[in-house]
Amino acid sequence: MAVARAPVAWFLPVRTESMVDAVVNQIVDHIRVGTLASGTVLPGERQLATAMRVSRRTIREAIDVLADAGVLSVSSGPAGGTRVASLWIPDSLTSDSDELSISQIFETLEARRVIEMRVAQLASLRATEADFTIMRQTIELQRMHHEDRWRVAQGNAIFHRQLWRSAGNAQLESSMRSIYRRLSPAFFNAIERDRSSHASNVAVDLHQETLDAMMLGDPKTMEQVFDRHLSYLERTCEETYGRRRIRPLPDFLVDRSSPN
């Protein structure tokens, strides 16, 4: 009698975040949501190790990774310490190294639409003036660098992380970080494929429209506005890969800005 054999395709790569990566990601997230501004001095190694419940060696290795990437600078002496040197985070620190298949990209876009739409609506109810200020500053930063598509993409990450933080739910924020690590290359390709400044301007305008809706504090308005926000990357991916989304969206996830 033939023995059933499980397809190897059922088994996916194991992704276990190291302690060093966890520390790096936490520092990067603080930088991207504006709690660690450029020039800010971090607590000492011993304090960070105690707060994060890791060894000082882990903290030291994480700082070395960020210093090598130009994100942190380390100096000795009484006035020394570890400082935030740059708001611009290299892609190597924030995106998954494995290239996604086209099917995986569309699957991740679907996950983003399901989760981030509701996160944005929560943010419209819970965001504070401090959140609005950081998001406004991020938009200004993107406009200032509108001809630099990489920095526009970086600004996109900063804006969205502040949006998730504004929703006040750590579990949803963690889910969105995971989704965006996978989608980061796709977003960069979306603005890179158009060599003019048009794509960068569209991305920045969508952020402004989203911020305006957040400040109104109306979840229904946010749903309408954020649908257009989500649709930008979805449509661009469809054009880039020359195909429609694999599965038709149900009514409650419909892209209202264009026929499906």
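Are W164 and Y180 buried or exposed?

A: W164 and Y180 are both buried; buried means under 20% relative accessible area, exposed means over 50%, and partly exposed lies in between, with a 1.4 Å probe and protein chains only. The model is predicted, so local features need pLDDT of at least 70 and side-chain atom pairs count only at pLDDT 80 or more, while totals for chains, interfaces and linings use all residues. Residues are numbered from 1 along each chain as its sequence is written, and side-chain values use heavy atoms, with hydrogens and water left out.

The aromatic pairs come first. There are two of them, a pair being rings of Phe, Tyr or Trp (its six-membered ring) whose centres lie within 6.5 Å; planes under 30 degrees apart count as stacked, over 60 as edge-to-face and the rest as tilted. In one, the ring centres of F106 and Y241 are 6.4 Å apart and the planes are at 75°, so this pair is edge-to-face. F106 belongs to helix α5 and Y241 to helix α10, so the pair ties together parts that are 135 residues apart in sequence. Helices are DSSP runs (H or I, at least four residues), as are strands (E, at least two), and they are numbered from the N terminus. F106 is buried at 5% relative accessible area, whereas Y241, at 27%, is partly exposed. W164 and Y180 form an aromatic pair that is also edge-to-face, with 4.9 Å from centre to centre and 70° between the planes. W164 sits in helix α7 and Y180 in helix α8, 16 residues apart, and the pair links these distant parts of the chain.

Helix α7 runs over residues 149-166, and its 18 residues should span 26 Å at 1.5 Å a residue; the end C-alpha atoms are 26 Å apart, which agrees. The expected span is 1.5 Å times one less than the number of residues. Of the 18 residues of α7, 15 are buried, so the helix is largely enclosed by the rest of the structure. Just after α7, G168 has a positive phi of about 70°.

E173 forms a salt bridge with R177, the closest N and O atoms being 3.6 Å apart; a salt bridge is a side-chain nitrogen of Lys or Arg within 4 Å of a carboxyl oxygen of Asp or Glu. The two residues are four apart in α8 (residues 170-192), so about one helical turn separates them. E173 is buried, with a relative accessible area of 9%. A network of salt bridges links E173 and R177 with D29, R161 and R165.

The nonpolar residues come next. In soluble globular proteins, nonpolar side chains tend to be buried together. The largest nonpolar core has 31 residues, and L109, L163, M214, F226 and C237 touch the most other members; such a core is a set of buried Ala, Val, Leu, Ile, Met, Phe, Trp, Tyr and Cys residues joined through side-chain atoms within 4.5 Å. Two or more residues of this core come from each of α5, α6 (129-144), α7, α8, α9 (198-216) and α10. Helix α5 gives the largest share, seven residues. C237 touches I105, F106, L109 and A186, leaving aside residues up to four places away in sequence; contact here means heavy atoms within 4.5 Å. A second, separate core has 20 residues, among them L36, L42, L72 and V84.

Helices α5 and α10 are also joined by charged side chains. D227 and R113 meet in a salt bridge of 2.8 Å, N to O. D227 lies in α10 (residues 219-241) and R113 in α5 (residues 102-126), so this pair ties together parts that are 114 residues apart in sequence. D227 is buried at 2% relative accessible area, and R113 is buried at 3%. R113 is joined to E234 as well, by a side-chain polar contact of 2.8 Å. A polar contact is a pair of N or O atoms within 3.5 Å; within protein, one must be able to donate a hydrogen and the other to accept it, and residues adjacent in sequence count only if both atoms are side-chain atoms. E234 lies in α10 and is buried at 4% relative accessibility.
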